[in-house]
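Hi,

Here is the structure I promised to pass on to you. Have a look at it first, then read my notes below.

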Amino acid sequence: MASTTSPALSVSKLDFPFLSSQRNIIFSKENLHQVKMPRRMSKFSGFESDGFILFSSLSGQIGEGSFPSPEATANNNAPEVQVQSSIWNWRGYSIRYQHAGNSGPALVLIHGFGANSDHWRKNIPVLAKSHRVYSIDLIGYGYSDKPNPRQFGESSFYTFETWGTQLNDFCIDVVKDEAFFICNSIGGLVGLQAAVMEPQLCKGVMLLNISLRMLHIKKQPWYGRPLIRSFQNLLRNTDVGKYFFKIVATPESVRNILCQCYHDTSQVTEELVQKILLPGLEPGAVDVFLEFICYSGGPLPEELLPQVKCPVLIGWGEKDPWEPIELGRAYGKFVSVEDFIVLPNVGHCPQDEAPDLVNPLVESFVARHAALSASISTAT
């Protein structure tokens, strides 16, 4: 079993490209509230200081001054935020979403493959103290409707274009405002696709271990592509696929899969297993599951990132066994990506495994660009 504590990691210019070689950040769960940033970051937050800013995972505020002690932070008696669950009617389909918070910038949290809005249960209450937070079940997942893909004939329904459209319509109909998209895994492609389709709706995208899509048809050798298509047809059109899903959709299998992708396996609790498993037992879930694992087309992150007009921040759990960080680092070179941040001793789902690392990163990213937008609006 993996260790439940994360040693301090010295993060240098390699991990934070904006740092000079003389500046290091000790980036750990114990001292994330105290981060010395270079002057360059001050222009985003509107501060004219020596670069000291405060990241608070409790208040969501960024400000200058001395840092609170960990004890003072722990004793913060802020009122508990109430998270509500609602249904949105999208094109005749019922879509479940969760929401909390009455003020501040709008955030939309987007889950990955096989997950749902409950995967953000450790983030919503914290972020909602200073933001309007929404977490959506993409159509086909969670407790949203799961239309049978076969009813759409030859046209694919469960695609990033469909989910990107759903996300943008959600911003228009429910959020009623532009928003920051905070995404995990496959949800990262949904967020990027939505930002490309309707750039005026997205203020920024944060990608947590975005899927590399290594099974995409373009990433397979030409001689292997016929075999891949044959295997996909076998899963989709015979009882083999349903048998495979029956094996996967059990508490034991879900727990084993989660223990593969979580570095700190103590975070794989019975609650988490049930949050992931139960929606997967809903009618129609098997057809959605098989349709998506057979979806080897659509966009790649490297195709979407050059098209994005808003700022992008990438966070990557360094112990992700599915999406190796060595490959993920390449995404940090795109012009739209302001930083690539290594999350030490964390696996594929940082928002759930290490919310004390992720929540402050979300808060600081949003505060920087919300403040920048506000200063631009004032100037014009």
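The second largest pocket holds about 270 Å³ of space; keep in mind that the model is predicted. Its lining is made by Asn 148, Pro 149, Arg 150, Gly 153, Glu 154, Ser 155, Ser 156, Arg 236, Lys 242, Asp 287, Leu 290 and Glu 291. Sorted by class, that makes six charged, four polar and two nonpolar residues. Which helix gives the largest share of this lining? That would be α10, with three residues.

Now for the largest pocket, which has about 1,400 Å³ of space. A total of 46 residues line this pocket, and the closest to its centre are Phe 113, Gly 114, Phe 289, Phe 292 and Ile 293. If you want to find the pocket by its helices, look for α6 (225–237), α7, α8 (251–261), α9 (270–280) and α10, the elements that each give two or more residues to the lining. How does this lining divide by class? It has 28 nonpolar residues, 15 polar ones and three charged ones.

Helix α10 turns up again in a helix pair. Two packed helices are described by the angle between their axes and the distance between the axes. Here the pair is α7 (residues 239–248) and α10 (residues 285–293): their axes come within 10 Å and cross at roughly 105°. Angles of 65 to 115 degrees count as roughly perpendicular, so α7 and α10 are roughly perpendicular to each other. On the α7 side, the contact is made by Gly 241, Lys 242, Phe 244 and Phe 245. On the α10 side you'll find Ala 285, Val 286, Asp 287, Phe 289, Leu 290 and Ile 293. Seven of the contact residues are nonpolar, one is polar and two are charged.

Last, the cavities. How many of 30 Å³ or more does the structure hold? There are two. The second largest cavity has a volume of about 30 Å³, and its lining consists of His 111, Gly 112, Phe 113, Leu 138, Tyr 141, Trp 163, Ile 186 and Phe 292. Six of these residues are nonpolar and two are polar, with no charged ones.

Cheers

Technical notes:
Residues are numbered from 1 along each chain as its sequence is written. This is a predicted model: local features need pLDDT of at least 70, side-chain atom pairs count only at pLDDT 80 or more; totals for chains, interfaces and linings use all residues. Side-chain values use heavy atoms; hydrogens and water are left out. Axes are lines fitted to C-alpha atoms, for helices over the stretch in contact, and angles run from 0 to 180 degrees between N-to-C directions. Helices (H or I, at least four residues) and strands (E, at least two) are DSSP runs, numbered from the N terminus. Angles under 35 degrees count as roughly parallel, over 145 as roughly antiparallel, 65 to 115 as roughly perpendicular and the rest as oblique. Contact means heavy atoms within 4.5 Å. Ala, Val, Leu, Ile, Met, Phe, Trp, Tyr, Cys and Pro count as nonpolar, Asp, Glu, Lys and Arg as charged, and the others, Gly among them, as polar. On a 1 Å grid over the protein atoms alone, a cavity is a set of points where a 1.4 Å probe fits but cannot get out, and a pocket is an open set with protein on both sides within 12 Å along at least five of seven lines; lining residues have an atom within 4 Å of a point. Grid points are joined across faces, edges and corners, and a volume is the space filled by probe spheres set on the points.
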